[in-house]
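Here is a short tour for anyone meeting this structure for the first time. Please take a look at it, then read on.

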Amino acid sequence: MTRARHPGLADIIASCRPHRPAKPNLLKTLLTIQQALGYVPIAAVPQVAQVLGVTEADVAGVLSYYPDIRTETPGRHVIRICMGESCMANRCPAVFRAVRDYLDHGIGEADPRSRFTVEAVYCMGNCALSPTVAVDQDIYGRVEPERIPSLMEPYR
Amino acid sequence: MTIARLYLSDDTSSRAAGAGRLAEYLRARADVQLIRTSTRGAFFLEPMIERDSPAGRVVWCNVTLNDLPNVIAGTGGRPVDTIPYLAQQSRATFANFGITEPLALDEYQSRGGFKGLEAALALAPPAIIEELKVSRLRGRGGAAFPVWSKWQAASHTAADDKYVVVNADEGDAGTYCDRMVMEGDPFRLLEGMLICAHAIGATKGYLYCRQEYPAAARAMRNAIRKAEEAELLEVNGRTFPIEVVMGAGSYVCGEETALLESLEGRRGVVRAKPPYPAVSGLYEKPTIVSNVLTFATLPNILARGGAWHASLGTEGSRGTIALQIGGRVKQAGLVEIPFGITLRRALDQFGGGMAPGSQFKAVQVGGPLGSLFPESRLDIPICYEAFAEAGAILGHGGIVVFDQETDMVALARHFMAFTADESCGKCTPCRIGSVRGREILDLVQGGCGTADDLALLADLAETMKVTSLCALGGRAPYPVLTAIEHFSEEFNNRLKLTGGQADR
């Protein structure tokens, strides 16, 4: 089934097979899959294990360890809100609430969550311009909660 | 038509401040030549636009689209040198910032770039290590270990392969100087890696970059490509390949042995030491793991001599420190000065005091594992020895100021929850202790905690400090305990009244 849904998956995994005598690099393999598909389908675990010659537990262990590896399709836009100390000092919880409110009420769509993935992250290195919000690759600093609707507008 | 040559930073934080929109507008103008530089690090003034004048650069600060006609006409603006925040710093590692184009190799070289490597090449490896010993450089990532000593161990260990690994997993919230180096002066980092590679006879370099820094990784990859083309990536007559490897959001991967595990593709779990990475590191080969800033400090040390570096700072902390001031201050940004200034002076002179409407409550130094300081403790000199004596850490130089609105109980809970989230799980005190610690603080925050709970927390904290395998578990109690120590009233006020029938 995975093969049918992700026709390229086998090739991606095969491309990550190490040249002997090097050992396979599981993290790199999973990140390569994520880069191609946007996430790592759980069903890919046995395939990765088989091709790289490791156990399924090895693969699942790495998969579950790293917060940035997703096992589900993300929304079309990923909103990241920083919860680091400098952003905490600058009232980031209010920014977080403003984003939630916007998605719940402001967007006027039945299921905004399918279009947006909201993540609380821990520091994007923009601490001198706290609070920080990133939408996809765009990073915004000095974000006041009132600015959220206009900031989000281009991504609707 | 006269063409105005304008300099605008392309740093991530400059873009977050709105530099991108300004660039879009300026690029469309036929009468403007736009140069994207690194940032000065005075982020409270960003976006800044500069232009040349006979007396040096002139700058317009906090520029909006409405200001651009003035900038293009050259009216207004002030000499960069007259900004006290910048004029009062002693920039060495960050000397090029705001001035050069990050990926212009010729510009880097014309401003003294690769002079350090040249000096290193003229020395035998033991003499390079001796120079480092004279410099008394200590690792800038947090552990502050003498750099020469690691190099000596790696150089004395015989092996077919040896590695140089840059720890670019700058995970401490409140810090961004490594990101600035990678985005803004990437050749300096490469030069530092090459100096280290010569000293220990390394065969390959890695840069482990956190996933949150895509622009930094891009800049480093481009710089590596340019250095390759210029045939600069060579050690002992052999090609010295450098690979950029991305992390995946795990804070503990900033710990050197967890980083090596992650680099090998496994779960980023801490290894027991010894053996130290300098003897047995990546793939069990001698490996130097150091922070970005440590490598970026090396070119100046070799070019100007170890004695120059040792002449700056305090007895146990030589050279300069890159402070990254943030939180509720007026002037947030990067400050490079010799060690030794007091915390109070750093906050006043550079931080510029509190943001409008804010009153000082506490400051955290050294990232999420750093201690909190109340107003009464601000006269501590910023150097490793004074901080060690106070049971605190300088960490990676992050300084975050909290104001009167900060709920100390909630903040303490936030710190413990962070450790519980990020613990790698290898050692019990950190894995279990951080979860129990968070639970206790949940109780206190919810008004259900007792004095006994706080006593239990103190006991647990002591166990974590003494028995954890790495600094994550070992340091996690400090921000919590200092919050309780200095703001005990806030904690006590939240406790449930105990004894009798009152709480039934």
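Buried residues, meaning those with 20 or more other C-beta atoms within 10 Å of their own, C-beta atoms being placed from the backbone, make up 38% of the 156 residues in chain A. This is a predicted model, where local features need pLDDT of at least 70, side-chain atom pairs count only at pLDDT 80 or more, and totals for chains, interfaces and linings use all residues. Residues are numbered from 1 along each chain as its sequence is written, while chains are lettered from A and ligands numbered from 1 in the order in which they are written.

**Chain A as a whole**

- Chain A has 8 helices and 4 strands, taken as DSSP runs numbered from the N terminus (helices: H or I, at least four residues; strands: E, at least two).
- Along the sequence, these elements follow the pattern α-α-α-α-α-β-α-α-β-β-β-α.
- Of the contacts in chain A with a separation of 6 or more, 63% are between residues 24 or more positions apart; a contact here is a pair of residues whose C-beta atoms, placed from the backbone, lie within 7 Å.

**A closer look at Ala120(A)**

- Ala120(A) sits in strand β2 of chain A, which covers residues 116-121.
- Is Ala120(A) buried or exposed? Ala120(A) is exposed because it has 11 other C-beta atoms within 10 Å, and the cut-off for exposed is 12 or fewer.
- Setting aside neighbours within four places in sequence, Ala120(A) is in contact with Ile81(A), Met83(A) and Phe96(A).
- Cys16(A) is 104 residues from Ala120(A) in sequence and 31 Å from it in space, C-alpha to C-alpha.

**Where the two chains meet**

- The contact involves 34 residues from chain A and 40 residues from chain B.
- On the side of chain B that touches chain A, α1 (12-16), β12 (320-327) and β16 (398-403) of chain B each supply at least two residues.
- The biggest share comes from α1(B), which gives 4 residues.

**Domains of chain B**

- Chain B is divided into domain 1 (4-87), domain 2 (113-310), domain 3 (320-403) and domain 4 (408-494), with bounds from an automatic or database domain assignment.
- Between domain 1 and domain 4 of chain B, the C-alpha centres lie 45 Å apart.

**An open sheet in chain B**

- Five strands of chain B form an open sheet of mixed pairing, in the order β2-β1-β3-β4-β5; two strands pair if DSSP finds at least two bridges between them.
- At the edges stand β2 (32-37) and β5 (78-79) of chain B, each with a single partner strand, so one side of each has no neighbour in the sheet.
- Strand β4 (residues 58-60) of chain B pairs with β5(B) in the antiparallel sense over 2 bridges, and Val58(B) has Pro79(B) as its bridge partner in β5(B).

- Which residues of helix α7 (residues 125-135) of chain B are buried? They are Ile128(B), Ile129(B), Glu131(B), Leu132(B) and Ser135(B).
- These residues are on the same side of α7(B), because they cover an arc of only 150° around the axis, judged by the directions from the helix axis to the C-beta atoms.
- The cover over the buried residues of α7(B) includes α6 (115-121), α8 (147-156), α10 (186-200), α13 (292-304) and α14 (306-310) of chain B.
- Strand β10 (residues 242-246) of chain B has 4 of its 5 residues buried, so the rest of the structure largely encloses it.
- Strand β7 (residues 204-209) of chain B runs parallel to β10(B), joined by 5 bridges, and Tyr208(B) has Val245(B) as its bridge partner in β10(B).

Notes: Two residues are in contact if their C-beta atoms, placed from the backbone, lie within 7 Å.
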